[in-house]
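User: Can we go through this structure together? I'd like to start with the core.
Analyst: Fine, here it is.

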Amino acid sequence: MAGLPPAPPPAGGSGGLPQFDVSNWPGQMVWILIIFAVLYAFMAWIILPRISKTIDAREDAISGDIGEARRLRDQAQAEAEQAAQEVAQARAQGLRLAAQAQAEAKAKAAARQAEEEAKLNDLVLAAEARIAEARSEAMAHVRTIAQDAAGAMVERLTGVAASGPELTRALTAHDAA
Amino acid sequence: MAAIEPMEQFLVRKIAPLPPVVVPGLGPVDLSITNSVLVMLIAAAVLMLFFLAAARRQVVPGRMQAAAEMIYGMVDNVLTGGIIGDKGRAYLPFIFTLFLLIACLNVLGLAPGGFSVTAQLAVTSALAVMTFLTVIIVGFVLNGLSFFKLFMPSGMPLPMALLIMPIELISFFVRPLTLAMRLFGNMLGGHVVTYMFASFVVGLGLFGLEGAGIAKLGLLGSGVSFALIVALMTLEFVVAFLQAFVFAALACVYLNEVVNLGHGH
């Protein structure tokens, strides 16, 4: 490194650092500060507001789009829920109607069955009454036949015809025995 | 064979001489267009044109717009938002401009035939002092005289405070120096090392071509140096963005201390 004081003028320039040649300092310093100031003003007033606005607008647009999508999704979800509810409702109603119809049919069938049963019961009762009547009638005939037979037997054995009241008395006595 | 002059690339040369301008407080200043100023102007033009083309308002961004928004998001989330917090938005333009200007100047310095403006101590000092003064002004505007609490850690016994305060003061006032030297040193070192390896490529290559026998090994050295330059250039691109990021991140850290003074410092 050469001595600083006699800073070698340009052209030669070997040895010492040309940067320590103070003669060109003020010019460079003033120029760099001017250029910095101009660039600062340019960036601060023109470029940076533009960039930050663009970025903000993009973020707004994105968040807006996301919000819109979220809203649409919620709406679709609500609609789907409603539809599901309606389907469930319809299903419940259908089940209820089916059960009702079943119950109705069952009740109707039971009523008809009861009616038929009653009718049959009546028929059975009537038939039984008829049978009982026929039997008592037949039994009455049996008594007459028995009286006649007894009369005939008495007449054959004794040769004397027994009178009616006597036969009746005998039969009654026999019944009592 | 040309002389090996690794520092020649940092020479500031006048391109368009202009009459000195009298800057109030500084006296006459030579504002001639030099190669350094030219690269600064190119950087400003590149940044302006890129952002004019890229800062579109499409909801679905194209490549340019996506790149611009990515840079914006990086500065907003990592630097001002991440370091300063909710109040960081106000300082976004400052940090954004600082980061992009330094990164652009660093990358232009890597261009073939380019001039590394950020390897000029004058430029890095100007940016560092500007950052330092911004921090101080913001600190006084936001906190008034309680700005001085910055040097007085709360809840510290008096003897300790007496010991700590000078240290805090010194560490505060060397900030512009470290900011300037870090960027300057990184850029200077990278360029000098790249220049040296490039001179090896030529020097060892010629040596190998002209010599015979063992001198042919020079060709091998030339090839290795060339491979190293490729690797170094890759590294230099990383460093170009990294140093811009570090500068901007430190500016954020310093701003954070005065913006959030008193809570969580």
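This is a predicted model: local features need pLDDT of at least 70, side-chain atom pairs count only at pLDDT 80 or more; totals for chains, interfaces and linings use all residues.

**Core and contacts**

Analyst: The largest nonpolar core has 68 residues, and those with the most contacts inside it are Ile95(B), Phe99(B) and Leu101(B). A nonpolar core is a set of buried Ala, Val, Leu, Ile, Met, Phe, Trp, Tyr and Cys residues joined through C-beta atoms within 7 Å; buried means that 20 or more other C-beta atoms lie within 10 Å of a residue's own, with C-beta atoms placed from the backbone.

User: Which element gives the largest share of this core?
Analyst: α3(B), with twelve residues. Helices are DSSP runs (H or I, at least four residues), numbered from the N terminus.

User: What does Ile95(B) touch?
Analyst: Not counting residues up to four places away in sequence, its contacts include Val75(B), Leu79(B) and Ala248(B). Contact means C-beta atoms, placed from the backbone, within 7 Å.

User: New topic: how many residues of chain A are in contact with chain B?
Analyst: 33 residues of chain A, meeting 40 of chain B. The chain A side divides into 24 nonpolar, seven polar and two charged residues. Here Ala, Val, Leu, Ile, Met, Phe, Trp, Tyr, Cys and Pro count as nonpolar, Asp, Glu, Lys and Arg as charged, and the others, Gly among them, as polar.

User: Which residues of α1(B) make the contact with α2(B)?
Analyst: α1(B) passes α2(B) in a left-handed crossing (the near helix is turned anticlockwise from the far one by less than a right angle). Phe51(B), Ala53(B) and Ala54(B) make the contact from α1(B).

Conventions
Residues are numbered from 1 along each chain as its sequence is written. Chains are lettered from A and ligands numbered from 1 in the order in which they are written. A residue is buried if 20 or more other C-beta atoms lie within 10 Å of its own, exposed if 12 or fewer, and partly exposed in between; C-beta atoms are placed from the backbone. Helices (H or I, at least four residues) and strands (E, at least two) are DSSP runs, numbered from the N terminus. Two residues are in contact if their C-beta atoms, placed from the backbone, lie within 7 Å.
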